[in-house]
Amino acid sequence: MFAEFLKWKNERPFGQHGLILFGEPSPLTFALEDLPQESMPKRQLHDSSESTNESHNLDTLQHDVHPSHLDAADIAYLQAKGAFVMPSEKTLEYFVTVFFTKFYPLYSIVEKEALKKTLKIGKLPWILIHTVCFIGATFCDLPVIFKSGFDSRFEARKHYYTKAKLVFDTGYETGKVILIQSAIMLSFWGPHLQSYCNPCSWINIASTLAISLGLHRTATHSNSPSDEGLLRRLWWTLVVRDTFCSILLGRPFRINLSQCNTAAPNIEEFETPEDGFYQVQIGRLSLLLRDVVYYRFGPGNIDLSPEKIHANLDTWYFRIRISLEQWPNPPFKCSTAFELLYNYCLLLLYIESPSVFRRFTDAQSHPPDPLPGKVIESSAIMIASHAINLVSKVGVCDVPHELYPAFFVAGTVLYRQSQNAHPTMSQMSRAHLDNCRTVLNQIRESWDPGNWAMHIFDFLCSDHNTTARSKDRDTAAAATQTDVNYTITVDQAHLQSMLGGDITLDLGWETMMNGEFAEIGDSLPMLNFLPPATEGWPGLQL
């Protein structure tokens with residue numbers, strides 16, 4: 001019976017075959033390995049080239065023909081929601097230009113020339129039209145938003161995200177590679193409290209589809225070298241996005257790399273050496289960043305230690321600097337961006353939980369080992385020192401989103417240091433914190449977590465100013481000593497009740513839903529990349 005099944009499988013057209021990858025932990029794998037060699041399926045490798053540009057609705061834009069697998073009610077629903085309304089020719093031109101000039105060099109998840117050709121002949125799938133416009137609205141300069149007829153960047157992003165999600169959810173598009181590309185782009189939306197979709201959920205969908213195509217294994221190949229390079233770029237973009245988004249939101253990684261062996265893409269597979277250098281190196285860094293999470297949050301690995309991880313990060317960054325010495329004028333994404341990411345990783349490796357930090361400050365002492373404290377301080381200042389240059393010269397919309405969490409973590413460290421009893425140290429830390437807040441304020445409509453980060457720092461810094469003014473009044477007016485002390489006590493009690501007894505961003509669910517942060521609506525907090533609840537961080541587990 002089983003032999004007849006294999007014969008039936010081999011006689012079917014290859015495009016209808018299921019995917020079998022030998023070496024996967026599946027009972028079918030073990031069953032097939034026991035077969036005689038002559039009984040094995042003829043095709044040993046999975047050819048994904050047929051899925052690269054597969055779409056069953058490439059002619060819908062011209063002929064108003066819709067996929068046969070959807071019923072009339074689904075089509076009517078999408079039409080009523082405006083899913084089949086094209087943006088104006090000028091708007092599409094604006095956003096496509098931004099997509100290719102700003103997004104594609106950082107995330108090369110499409111075949112550029114093929115996409116341009118498909119767009120030119122009017123056969124780009126609806127879901128790619130909306131996701132490309134969504135990315136364009138996310139990365140473009142603000143004047144482009146107004147030229148496109150929108151009142152704000154958030155309005156433009158939400159407009160195209162909603163349409164793309166409608167097309168995705170109804171199953172209109174069935175080409176898996178197109179769906180993977182779309183899900184990666186949609187991961188740049190959110191998180192928001194009123195939606196179950198967030199960056200991690202989109203990455204989860206994309207990685208599930210990628211694994212179903214076998215992109216995680218070397219057994220997958222393509223008859224076209226360009227398609228094979230695209231598949232590798234897709235997979236490693238997923239690894240990078242999974243790493244950084246999961247750390248940001250405090251979620252487990254969606255991709256288990258211990259069961260994956262897809263080689264990293266070659267620099268030659270990218271449009272320019274600069275694009276290839278950046279994307280290959282950020283892929284390598286994502287592996288080191290996963291080690292930071294494994295060491296700090298488990299499961300435990302006896303082979304990992306902060307010294308070893310730090311040494312690996314130093315080696316990675318040293319090799320980058322050596323490579324850049326051969327470039328006459330390296331771009332931002334290949335120079336300063338890696339410096340920021342290197343210091344961001346060090347912050348995540350050494351930053352202490354609020355309870356540990358409070359024990360040290362309450363005792364007015366230092367950690368037993370001064371090295372982590374010095375590394376944290378220098379890394380936070382280094383990140384903050386690039387903030388003004390990023391805003392004034394580079395442009396905050398021109399950099400990869402993986403950089404943005406660095407300014408939030410650095411701001412957290414600098415806020416703690418601004419509580420220092422020494423006035424000079426406190427003022428310097430506050431000045432550096434303001435630099436980080438400047439960046440977060442600039443990106444709050446492009447990077448949704450920035451909105452939440454700004455509300456946190458606005459509250460903390462405003463309360464800090466109120467307390468400082470109360471102390472000044474206490475010194476200047478001894479006659480009102482009792483009233484001033486009462487005011488300070490109330491301020492501290494209010495702040496501690498808001499922050500769960502900790503003035504270093506220790507926020508709980510009741511605080512966010514019922515306290516002074518309720519006004520931010522559907523912005524979703526993302527504090528869990530800091531030390532876990534078991535170490536005194538009772539934050540919201542997302």
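This is a predicted model: local features need pLDDT of at least 70, side-chain atom pairs count only at pLDDT 80 or more; totals for chains, interfaces and linings use all residues.
A residue counts as buried when its relative accessible area is under 20%. Cys-436 has 0% relative accessibility and is therefore buried.

The largest nonpolar core contains 141 residues. Phe-99, Phe-103, Ile-180, Trp-235, Leu-238, Leu-285 and Phe-407 have the most contacts inside this core. Helix 13, spanning residues 225–249, supplies the largest share, with 13 residues. The surroundings of Leu-285 can be listed residue by residue. Leaving aside residues up to four places away in sequence, Leu-285 touches Phe-244, Leu-313, Trp-316, Leu-341 and Cys-345.

Cysteine pairing was examined next. A disulfide is a covalent bond between the sulfur atoms of two cysteines. The count of disulfides in the model is 0. Cys-245 illustrates the result: this residue is in no disulfide, and the nearest cysteine sulfur, that of Cys-200, lies 5.7 Å away. The cut-off for a disulfide is a pair of sulfur atoms within 2.5 Å. Cys-245 is itself buried, at a relative accessible area of 7%.

The structure holds 27 aromatic pairs. Tyr-161 and Trp-189 form a stacked pair, with 4.7 Å from centre to centre and 20 degrees between the planes. Tyr-161 belongs to helix 10 (residues 153–169), whereas Trp-189 sits in the loop between helix 11 (176–186) and helix 12 (199–212). The pair therefore ties together parts that are 28 residues apart in sequence. Tyr-161 is buried, with a relative accessible area of 5%. Trp-189 is buried as well, at 6%.

A further pair has another geometry. The ring centres of Phe-168 and Trp-202 are 5.1 Å apart and the planes stand at 85 degrees, so this pair is edge-to-face. Phe-168 lies in helix 10 and Trp-202 in helix 12, 34 residues apart, and the pair links these distant parts of the chain. Both Phe-168 and Trp-202 are buried.

Some aromatic residues also group together. One aromatic cluster is formed by Phe-99, Phe-100, Phe-103, Tyr-104, Tyr-107, Phe-139 and Phe-188. Phe-99 and Phe-103 are also among the residues with the most contacts inside the largest nonpolar core. The charged end of Lys-116 is placed over the ring of Phe-100, 5.2 Å from its centre. Arg-241 lies over the face of Phe-188, at 3.8 Å from the ring centre.

Methods
Residues are numbered from 1 along each chain as its sequence is written. Side-chain values use heavy atoms; hydrogens and water are left out. A nonpolar core is a set of buried Ala, Val, Leu, Ile, Met, Phe, Trp, Tyr and Cys residues joined through side-chain atoms within 4.5 Å. Buried means under 20% relative accessible area, exposed over 50%, partly exposed in between (1.4 Å probe, protein chains only). Helices (H or I, at least four residues) and strands (E, at least two) are DSSP runs, numbered from the N terminus. Contact means heavy atoms within 4.5 Å. Rings of Phe, Tyr and Trp (its six-membered ring) pair if their centres lie within 6.5 Å; planes under 30 degrees apart count as stacked, over 60 as edge-to-face and the rest as tilted. A charge sits over a ring if NZ of Lys or CZ of Arg is within 6 Å of the ring centre and within 35 degrees of the ring normal.
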